[in-house]
Amino acid sequence: MALLVRHWVSPGDAVLVEGPTYPGMLEPLREAAADPLWAERDWDGLDVEAWCRTLVDRRPAFAYLVPTFHNPTGTVIPSLVRRRLVETAVAHDVPIVDDEVLSGLSFVGDPPPGLAAFASAGRIVSVGSLSKIVWGGLRIGWIRADRDLIARLARLKATQDLGGDVPAQLAAAELVPNIPALSRHRARLLRARHDHLCARLTTDLPDWHFRPVEGGQTLWIRLPHGDGGSFAQTAMRHGVAVLPGSSLHPAGGNADCVRISFLADVGVLDEAVDRLVRAWNAYPGEPRSNTVPSGVAV
């Protein structure tokens with residue numbers, strides 16, 4: 001995604017994202033001095049009217065979406081809405097980056113097809129990775145797009161890093177044919193951990209508002225009072241790290257939310273919830289702010 005930003009974005013260029021969104025996209029945009037535009041997304045999904053209106057009015061350099069198991073809310077954009085988003089972008093010649101990194105981690109069957117299935121004009125760029133379905137340390141990803149764009153990106157990449165990690169790429173070449181089976185195995189593990197975490201949170205922190213998800217690896221929590229930034233600091237003092245919602249929003253919104261992952265095994269999740277309970281009991285609930293604490297791990 002950083003490569004795509006370097007290719008498309010000059011200082012001051014507008015880029016359309018969701019609010020909240022994956023922080024790994026926000027950082028390259030900040031480094032490129034881009035002008036981030038956003039449409040809100042919550043448990044009810046994307047504000048489609050705002051997204052389309054912003055795209056038409058501002059003509060951003062590109063739009064970035066996580067349509068399947070959105071990071072952080074876990075929601076899925078329906079097929080008919082995907083078609084509308086793609087048709088709007090194609091009609092106004094705005095490329096869309098479809099982040100499919102989490103799309104293989106479904107708990108309940110196949111999700112809707114990727115955005116590229118709804119376009120014939122080659123304006124959809126799909127991004128995938130092995131890091132979520134195999135191992136977080138295997139930092140091998142890929143971009144699927146038309147041949148001309150891939151050729152330009154390959155030349156740009158060569159000037160940026162002089163080549164990739166060869167042993168990791170060899171490992172990836174062995175694993176790619178088995179992606180469907182690897183995804184199913186990983187999804188089964190994550191579903192069990194998701195269900196366990198949801199049960200614990202419902203029992204031990206009943207005032208926290210969240211919805212179970214159908215795939216992915218994160219829960220989006222709305223706190224009943226206070227703000228995510230100050231609570232994250234309290235949680236850190238109790239030995240557990242959560243990500244404040246304001247750090248996932250291009251304008252620092254969602255200050256009353258935190259993101260929690262369910263990647264760890266059940267024993268670690270139990271310990272994490274125990275620590276969150278102690279942190280919440282000790283939390284004074286200061287007025288909400290957009291301050292993001294330093295040193296908070298994802």
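This is a predicted model: local features need pLDDT of at least 70, side-chain atom pairs count only at pLDDT 80 or more; totals for chains, interfaces and linings use all residues.
Colleague: How much space lies in the largest pocket?

Modeller: A pocket is an open set of points on a 1 Å grid over the protein atoms alone, where a 1.4 Å probe fits, with protein on both sides within 12 Å along at least five of seven lines. Points are joined across faces, edges and corners, and the volume is the space filled by probe spheres set on them. For the largest pocket that space is about 940 Å³.

Colleague: Which element gives the largest share of its lining?

Modeller: Lining residues have an atom within 4 Å of a point. There are 28 of them here, and Met1, Arg139, Ile140, Gly141 and Trp142 are the closest to the centre. The largest share, six residues, comes from α5.

Colleague: Which element gives the largest share to the lining of the second largest pocket?

Modeller: The second largest pocket holds about 480 Å³. Its lining has 19 residues, with Ser103, Gly104, Ile179, Pro180 and Ser183 nearest the centre. β6, β7 and α7 (179-204) each give two or more residues. The largest share, five residues, belongs to α7.

Colleague: In the open sheet of three strands, what is the order?

Modeller: Two strands pair if DSSP finds at least two bridges between them. Two bridges join β9 to β10, which run antiparallel. The edge strands, each pairing on one side only, are β8 (218-222) and β9. The order is β8-β10-β9.

Colleague: What is the bridge partner of Leu243 in β10?

Modeller: β9 spans 243-244 and β10 spans 257-261. Leu243 has its bridge partner in β10, and that partner is Arg259.

Colleague: How many residues are in the largest nonpolar core?

Modeller: A nonpolar core is a set of buried Ala, Val, Leu, Ile, Met, Phe, Trp, Tyr and Cys residues joined through side-chain atoms within 4.5 Å. Leu201, Trp208, Leu219, Ile221, Phe231 and Leu276 touch the most other members. Elements giving two or more residues include α6 (166-175), α8 (228-237) and α9 (266-282). The core has 38 residues.

Colleague: Which residues does Leu276 contact, leaving aside neighbours within four places in sequence?

Modeller: Contact means heavy atoms within 4.5 Å. By that rule, Leu276 is in contact with Leu205, Trp208, Phe231, Ala235, Val240, Val242 and Ile260.

Colleague: Is Thr234 buried or exposed?

Modeller: Thr234 sits in helix α8. It touches Ala279 and Tyr283, not counting residues up to four places away in sequence. The cut-offs are under 20% relative accessible area for buried, over 50% for exposed and partly exposed in between, with a 1.4 Å probe and protein chains only. Thr234 has 4% relative accessibility, so it counts as buried.

Colleague: How far apart in space are Ser246 and Gly229, C-alpha to C-alpha?

Modeller: Ser246 lies in the loop between β9 and β10. It is buried, with a relative accessible area of 5%. Ser246 and Gly229 are 17 residues apart in sequence, and in space their C-alpha to C-alpha distance is 7.3 Å.

Technical notes: Residues are numbered from 1 along each chain as its sequence is written. Side-chain values use heavy atoms; hydrogens and water are left out. Helices (H or I, at least four residues) and strands (E, at least two) are DSSP runs, numbered from the N terminus.
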